Amino acid sequence: MSINKGRENAHKVLNRFKEEWPLEKIKSLKIEDYVSNQQKGFCYDIEFNTPGIGSIRGGNSIKFGLYKRADATKQTALKNVHSDDQYVWHKDLGESREQAFDTIKTKIVEIIRLAESKNIDAIAQLDTPYFWSVFKWKLVFMYAPTGTIVD
């Protein structure tokens, strides 16, 4: 595949993602739309349905700050997390999944707004110990105007 064809495909993927997940939708996002075990949702889409745009596949789902358990009967081997019968989240996000998700959503909205305004220095200074860097910077790439950062 030529470089131009690859770029064209990446732009199509990027545009589809932004149409599916505009900032207004993110502001009203529900936890079940953020993470899911059904191969859908925001996190699944950004990890698996954005080929050719800075892959963040692999590792584990705690990179998103919070994930839905596949099997509630199994204990998580991760340290520095809280969990309940459905979700696991980074301990810095609070004691409840609701509190954790509210913090995550607020921070994602902030990252998107800063990305849209090309304020990369402010994003770099954001304290997000509950997100892996690859997730934070993939968000920036997905929402910043084309050419703001390299994937």
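Predicted model: local features only at pLDDT ≥ 70, side-chain atom pairs only at ≥ 80, totals over all residues.
**Ground rules**

I number residues from 1 along each chain as its sequence is written, and side-chain values use heavy atoms, with hydrogens and water left out.

**Entry 1: helix 5 against helix 7**

I started with helix 5 (residues 97–116) and helix 7 (133–143). For me, helices are DSSP runs of H or I with at least four residues, strands are runs of E with at least two, and both are numbered from the N terminus.

At what angle do helix 5 and helix 7 pack? I found about 45 degrees, with the axes 8 Å apart. Here an axis is a line fitted to C-alpha atoms, for helices over the stretch in contact, and the angle between N-to-C directions runs from 0 to 180 degrees. The two helices are therefore oblique to each other; in this scheme angles under 35 degrees are roughly parallel, over 145 roughly antiparallel, 65 to 115 roughly perpendicular and the rest oblique.

Next I listed who meets whom, taking contact as heavy atoms within 4.5 Å. Helix 5 brings Ile108, Ile111, Ile112, Ala115 and Glu116, and helix 7 answers with Phe135, Lys136, Leu139, Val140 and Tyr143. These contact residues sort into 8 nonpolar, no polar and 2 charged. In that sorting, Ala, Val, Leu, Ile, Met, Phe, Trp, Tyr, Cys and Pro are nonpolar, Asp, Glu, Lys and Arg are charged, and the others, Gly among them, are polar.

**Entry 2: how enclosed is helix 7?**

I call a residue buried under 20% relative accessible area, exposed over 50% and partly exposed in between (1.4 Å probe, protein chains only). How many of the 11 residues of helix 7 are buried? I get 8, so helix 7 is largely enclosed by the rest of the structure. The buried set is Phe135, Lys136, Lys138, Leu139, Val140, Phe141, Met142 and Tyr143.

Threonine 128 sits in the loop between helix 6 (120–125) and helix 7. It counts as buried because its relative accessibility is 11%. Leaving out residues up to four places away in sequence, threonine 128 touches Lys107 and Lys136.

**Entry 3: salt bridges**

My rule asks for a side-chain nitrogen of Lys or Arg within 4 Å of a carboxyl oxygen of Asp or Glu, and it gives 8 salt bridges.

- Lysine 107 is buried at 16%, while glutamate 110 is partly exposed at 32%.
- Glutamate 8 and lysine 12 pair at 3.7 Å, N to O. They lie 4 residues apart in helix 1 (residues 3–20), again about one turn. Glutamate 8 is partly exposed at 39%, and lysine 12 is exposed at 51%.
- Arginine 16 and aspartate 45 pair at 2.9 Å, N to O. This pair links distant parts of the chain, helix 1 and helix 4 (residues 42–48), 29 residues apart. Aspartate 45 is buried at 6%, but arginine 16 is partly exposed at 33%.
- Asp84, Arg97 and Glu98 form a network of salt bridges.

A reminder to myself on the one-turn pairs: an α-helix has 3.6 residues a turn, so residues three or four places apart point the same way.

**Entry 4: positive phi**

Which residue in the loop between strand 1 (66–68) and strand 2 (81–83) did I look up? It was asparagine 80, whose phi is near 65 degrees, a positive value in a residue other than glycine. Asparagine 80 is partly exposed at 45%.

Lysine 118, in the loop between helix 5 and helix 6, also has a positive phi, about 60 degrees, and is not a glycine. Lysine 118 is exposed at 52%.

**Entry 5: one last distance**

Glutamate 32 belongs to helix 3 (residues 31–34) and is partly exposed at 45%. From glutamate 32 to tyrosine 67 I noted 35 residues in sequence and 9.7 Å in space, C-alpha to C-alpha.
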